[in-house]
Amino acid sequence: MKPLLALAFCCALAVPARAADVPAYKAGVASKVITPAEPIWMAGYASRTKPAEGKTHDLCAKALCVEDATGTRLVLVTTDLIGIPRALGDAVSAEVEKKHGLKRSNLILSASHTHSGPVIRENLVDMYPMTREQAAKVEEYTRKLQNDLVAVIGESMK
């Protein structure tokens, strides 16, 4: 037993001590309400014949930024949406890289796949008998969502 204890003690001494004030990881979090300001079509309801009529609670986007001791960052974003279309993900990641220097390979965008969230441009849009006015609301919401996602990512990186 003593040789094992001595070996463990020697191995512990061989590992360089870290400065107490240098954490292995840092983390930042942020949350943003992404509920549409006015009723629009809900995603995932092929049998619906009209837009949503109200809300029970808000939908959110949440971001977690983790930075290691070398300064490398990874950001995970979760959203209360049915999905995130490629075009939206690409636009968000391009803007985040431009504003904050975070590469696409260090950004994870995810959705809870809720059927109680809004239709987003290029994601199931053709399932609904939308008027031009309703389609314009979806376009406007998608642009705002893009800005909101960039903002919540930036806030988590602070």
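Select S93 first: this serine is buried, with a relative accessible area of 7% (buried means under 20% relative accessible area, exposed over 50%, and partly exposed in between, with a 1.4 Å probe and protein chains only). S93 belongs to helix 2, residues 86–100 (helices are DSSP runs of H or I with at least four residues, strands are runs of E with at least two, and both are numbered from the N terminus). Display its partners next: apart from neighbours within four places in sequence, S93 is in contact with L102, R104 and L107 (contact means heavy atoms within 4.5 Å).

The model is predicted, so local features require pLDDT of at least 70 and side-chain atom pairs count only at pLDDT 80 or more, whereas totals for chains, interfaces and linings use all residues. Residues are numbered from 1 along each chain as its sequence is written, and side-chain values use heavy atoms, with hydrogens and water left out.

Now colour the chain by pLDDT, the predictor's confidence in each residue from 0 to 100. The protein averages 84, and 81% of the residues score at least 70. Select residues 1–15: pLDDT stays under 50 there, and the model has 0 contacts beyond four places in sequence for this segment. Where pLDDT is low, the predicted coordinates should not be read in detail.

Switch to a cartoon of the whole protein. It shows 3 helices and 4 strands, in the order α-β-β-β-α-β-α from the N terminus. Of the 158 residues, 34% are buried. Among contacts with a separation of 6 or more, 74% join residues 24 or more positions apart.

Proceed to helix 3, residues 132–157, and select Q146 within it. What does Q146 touch, not counting residues up to four places away in sequence? Its partners are L88, A91 and V92. The side of the boundary on which Q146 falls is set by its relative accessible area of 18%, and Q146 is therefore buried.

Stay in helix 3 and select G154. This glycine counts as buried, at 7% relative accessibility.

The structure holds 0 disulfides, a disulfide being a pair of cysteine sulfur atoms within 2.5 Å.

Move to H113, in the loop between strand 4 (107–111) and helix 3. Its phi is near 65°, a positive value in a residue other than glycine. H113 is partly exposed, with a relative accessible area of 47%.

Finish at the largest pocket. On a 1 Å grid over the protein atoms alone, a pocket is an open set of points where a 1.4 Å probe fits, with protein on both sides within 12 Å along at least five of seven lines; lining residues have an atom within 4 Å of a point. Select T35, A52, G54, K55 and S116, which lie nearest its centre among the 20 lining residues. The lining divides into 8 nonpolar, 7 polar and 5 charged residues (Ala, Val, Leu, Ile, Met, Phe, Trp, Tyr, Cys and Pro count as nonpolar, Asp, Glu, Lys and Arg as charged, and the others, Gly among them, as polar). About 380 Å³ of space lies in this pocket, a volume being the space filled by probe spheres set on the grid points, which are joined across faces, edges and corners.
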